[in-house]
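Me: Got a model open here. Can you walk me through it?

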Amino acid sequence: MFGRSRSWVGGGHGKAARSIHSLDHLKYMYHILSKNTIVTDHNRNLLVETIRSITEILIWGDQNDSSVFDFFLEKNMFEFFLNILRQKSGRYVCVQLLQTLNILFENISHETSLYYLLSNNHVNSIIVHKFDFSDEEIMAYYISFLKTLSLKLNNHTVHFFYNEHTNDFALYTEAIKFFNHPESMVRIAVRTITLNVYKVDNQPMLHYIRDKTAVPYFSNLVWFIGSHVIELDNCVQTDEEHRNRGKLSDLVAEHLDHLHYLNDILIINCEFLNDVLTDHLLNRLFLPLYVYSLVNQDKGGERPKISLQVSLYLLSQVFLIIHYAPLVNSLAEVILNGDLSVFSSKVEQDIQKNSAKSSIRCFIKPTESLERSLEINKQKGKKRMQKRPNYKNVGEEDEEERGSEDNQDDLDKSRGTEASSKGVRTSTENEEIEMVIMERCKLSELSISAVTEQNTTDEEKSAAASGSDMANWNRPFLDMVYNALDCPEDDYYALFVLCLLYAMSHNKGLDSVKLERIQLPAQNAEERNSYNHVLAEGLIRIMNYAAQPDGKIRLATLELGCLLLKQLVFSKNGRIIKNVHLDCLEGAREESVHLLRRFYKGEEIFLDMFEDEYRTMTMKPMNVEYLMMDASILLPPTGTPLTGIDFVKRLPCGDVERTRRAIRVFFMLRSLSLHLQGELETQLPLTREGDLIKADDVLDLNNSDLIACTVVTKDGGQVQRFLAVDIYQMSLVEPDVARLGWGVVKFAGLLQDMQVTGVEDDSRALNIIIHKPASSPHSKPFPILQATFIFADHIRCIIAKQRLAKGRIQARRTKMQRIAALLDLPVQPSTEVMGFGHSSGAAAQHLPFRFYDQSRRGSSDPTVQRSVFASVDKVPGFAVAQCINQHNPSPLSSPSPSSGSGSTGRCDSVTASSTSTPSAAQSPAVRSGRKGRRRVFSLSEADSHGGHWV
C-alpha cells in the first residue's frame, strides 16, 4: 500500500505540485522577475502570477525551509516589488501586489522570517508610496495592509517602522491621515492601527507621537466627533415625524464607536497621551458643546450648541462608556457644582499660565488640517536634523523650534514635555485640565462637607445637598437636572436625566465624594443615614404621574426611576427612606391599583396579558446601556406602534396597549413597595415553576381518575399513555414499574394554554394542542404538544373532552380570582371547583394528587404551603385521607383544591367497588357536586383501596 502511495506521489502531477513550494522554484520566479523589470501589457499577468507564487513559497518556507528567506533577502527581491509600483503600472497590478503582501504578512509566524521581510526599509517605502486612494479597492487593500503590519508591532519590530534618528514613523502617520475617511471600515481600521501602536511600550516612539502627532491628531479628531454630533442634532431637529431614523441610528452608532475608541486609548494608560487627550476632550468638546448646551438653548449665540435632549443623551453615553478618573471627575464636577463661569475667558488664570489662547473652552475648528500639520512637523524635523545629526541632542533646539511653531501646538507640546520628564502628573498639571470651578468653589465645597457632617437631622443634610441654604451659589446644570424631573406633560427630558444620574452613579472612575455632595450614592457606597430628599421627591412624582389614567410617562422612564429610588434610599445597613416618602409611594401604588381596575375584564385575553407582562418584566429587566444605544428615544415620544419602537420606549396606542401599560405600572410599583418595606412577593407569579408537575416526576396515582389513550404525534409516532387532569395542568403518565399505583410523568402542560377539538371522522379521537407561554406579546405561540388522542370508545372520549374543557375553564377562573384579590376587587367564592363540593363538615377533603405531601406533613409543620409533588417518597392515597381526618378537619384554604387524576392499575377497567364500605357512587353525601371527578376516601373507606376508573 505504501509503495503504491509513494509511486503515485512521485508521478508527474505530484512532482510538479511538490516543486512549486521549493527553493528551486523561487529561483525560477526570481529569474522571471529579473527578465521582466519593465511592466507592459504583455507581461502584466505574468508578473502578477509570479508575485503570487513568490508569496506562496515564502509562506511555505516560513514553516518548512529557512533557506527560502535567505535567498529572498540575498537577491533583494522586495526591490522588484517597489520597482513595479513606481512604474505606475496601473490599478490591476497595485491591487494584486497589496493583496499578496497582506496575505504574506498575515501568514508569517516566525519572527526571523518577519525580520527578513521588514529589513532594508522596503516596507516603509511601500507605505509612503502615493497610491490612487480614490480607487475604493486600492484604499481597502492598503488600509488592510497597514492594519496587518500594526498587528505585528512589538518592542522588537517597532524599530523597523519608527526611525529614531530621522524621527519618522510612516506606519502611524500615514494611517491617521484617514481618520475621517468617508468609509466607516477605513475609519475603524485606522482606530485599530493607532491602538496597536499605543500599546507598544517603547518610550522614544511614544514621545515622538506625543510631541509630533498627538496635538494635531487629537484636535482634529475632537473636531470630527463634534461635527458628527452637530449633524446628529440637526437630524433630531428635522425628523420629528420619525421618517429618517436610519440615518439617525447610523449617527448614534458612530458616536458610540468614537466613545469606545477614546475609552480604549485611555485604558491603555499611557499617561502623557491621556493628558493631551483629556485636555482636548474637556476643553474642546465635552464642556463647550455638551455641557454648555444644557442651559443655553438660544441658537443665536456665537458658540455652537445642540438641543437639550441630545446633550443629555450624549453625556449619558460618556459616563456609561468612559471610566477614566481625571476625565469623568472633571466633567461631573462641572455638571454637579459648576456654573457658566467655566466658559469665560479666564483672564486671571490666563495671566498665571500665559496660555490665553489654549485656555478658552470653545468648540472650534483646528487652524491646520491633520495632514498639513504632520507635513509641517516633518519639514521642521528635517531642518533640525541637518543642523544636529545627533538625535540625542535635539532637545537643545527646543527654543528655536518653539519660536517657529504654531503657538497653540507649542504650548500643548511644552506641557506634554514637562509631564514626560517628571514621570508623574503633578498637582499643577492636574489643574491645567481640571475645571476652574474646582478652584473657585473649593472653599464652598469644603463648607458643604462640613455642614453635612455636623448636622444632626436628615432634613438639614438634604437641604445642604440640594443647595437650598446657599442662595448665593448658582448651579444651573444641577438645577436643570432637578427641574426636568417635574414632567406632568411628558417625560421627554426626564428619561435622559434619569439615564445621566444612573450613568454617573455607576461610573467606576467617578469619585464617590463628588456624588455624595448631592447625596447621590455610588453603586458600592458606604453606610449612610440620609439621602437627597429633592431627588427622591422628584422620582416619586414621576411614579405618581405614571399611575394616572392620562399619564404620559413611558415604562422605561418609570423602571429607571424605580431603580434610582431603590439605590437612593437603601444603604448597607438597610432602608433609610422617610415615612412621608414611603406614604407618598404607597399612594402611587394605590393609584396604580385603581388604574388597573379600570382595565380588569373577565375575558381570557386579560389573564394572558397579565402573565405575559410579568414574564417579560422579570425575564428582561432594563439594561440602561442598551437603552442608551437606541436612537429612537431621541425623537419626541410617539404613541403609534407603526414606528417600530419598542413598547416600553413609547406611549400606548389603543385599549390593549393601555391595558398592558397599566399592568406593567402595577407590577413595578408593587415590586418597589414590597422592596422598600422589606417584604417578599408571595402572590406573583400566578403560576410558580416550583408548583408545577414536570416531566419524569413520579406521582402517587392511587384513587385517581385516569383515562387510557393512544397518543399519535405529528410525526406519526404512537405511544400508550394515561391522561390525568390536575388543578392547573394535564399530564400524560405511564405506570411506574417499581411500585404499583404510581406513575411517571412523560408530559405536563398548562390547561389554560390548551386547545381541544374533535376529529370529524372519528368519534373516539381528540386533537389537542398546548402552546408554550410566549416570551413576548408579539411572539408567535410555539406548540409544545400537537397530537391526536385516541380513546377506547366515544364515551371515554366525551369524558376526556369535558374534563379538559372544565379544567381549562376552572384554571383560568382560579387565576382571575387571584388577580382580583391582588386588585382588592370582590371575589365571588366558588362553591364548586372542578366538580367538587366544599363542605365544612365533610370528613373527606378533596385534594389533587400533587397536594398529598402537604397534607401528610400537616401535623408536624402546619405552615407548609408547598403544592408541588416532586418526591417519590409519598404515602398512598388512603394514608393521606387518614392524615386529613386526624389533623385537618376543616376545609383547606389552598387555591382551587381540585384535580382530575387517576391510578395506574388496570387501566381500562370499569368502576372499582368497595368491599367494606359503600362505594363513592352510592354515597350521597360525597356524591353531591361530584361530576365524574375523583375524590380522596375517608378513613372508613381506606381499606377498599378503591378508585374511580374510566
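Me: Start with strand 9. Which residue stands opposite Ala-748?
Reply: Ser-731 stands opposite Ala-748 of strand 9. Keep in mind that this is a predicted model.

Me: How many bridges join strand 8 to strand 9?
Reply: 7 bridges join them, and the two strands run antiparallel. Strand 9 covers residues 742-750.

Me: What sits between those two strands in the hairpin?
Reply: There are 6 residues between the strands. In this hairpin, Gly-741 takes a positive phi near 90°.

Me: And strand 7, how does that run relative to strand 8, parallel or antiparallel?
Reply: Antiparallel, with 4 bridges joining strand 7 (residues 718-725) to strand 8. Strands 7 and 8 also form a hairpin, with 3 residues between them. Val-725 has Met-730 in strand 8 as its bridge partner.

Me: Why is strand 8 largely enclosed by the rest of the structure?
Reply: Because 5 of its 7 residues, in the run 729-735, are buried.

Me: Switching to cores. Which residues have the most contacts inside the largest nonpolar core?
Reply: Tyr-290, Ile-322 and Phe-610, in a core of 214 residues. Helix 13 (residues 203-237) gives the most to this core, with 16 residues.

Me: What does Tyr-290 touch?
Reply: Leaving out residues up to four places away in sequence, its contacts include Ile-225, Val-229, His-255 and Leu-314.

Me: What's in the second core?
Reply: That separate core has 25 residues, among them Tyr-728, Leu-750, Ile-768 and Phe-791.

Me: Last one. How many helices and strands are in the protein?
Reply: 39 helices and 14 strands. Of the 950 residues, 53% are buried.

Terms used
Residues numbered from 1 in each chain as written. Predicted model: local features only at pLDDT ≥ 70, side-chain atom pairs only at ≥ 80, totals over all residues. Heavy atoms only, no water. Core = buried A, V, L, I, M, F, W, Y, C linked by side-chain atoms within 4.5 Å. Buried < 20%, exposed > 50% of the residue type's maximum accessible area, 1.4 Å probe, protein only. Contact = heavy atoms within 4.5 Å. Pairing = 2+ DSSP bridges.
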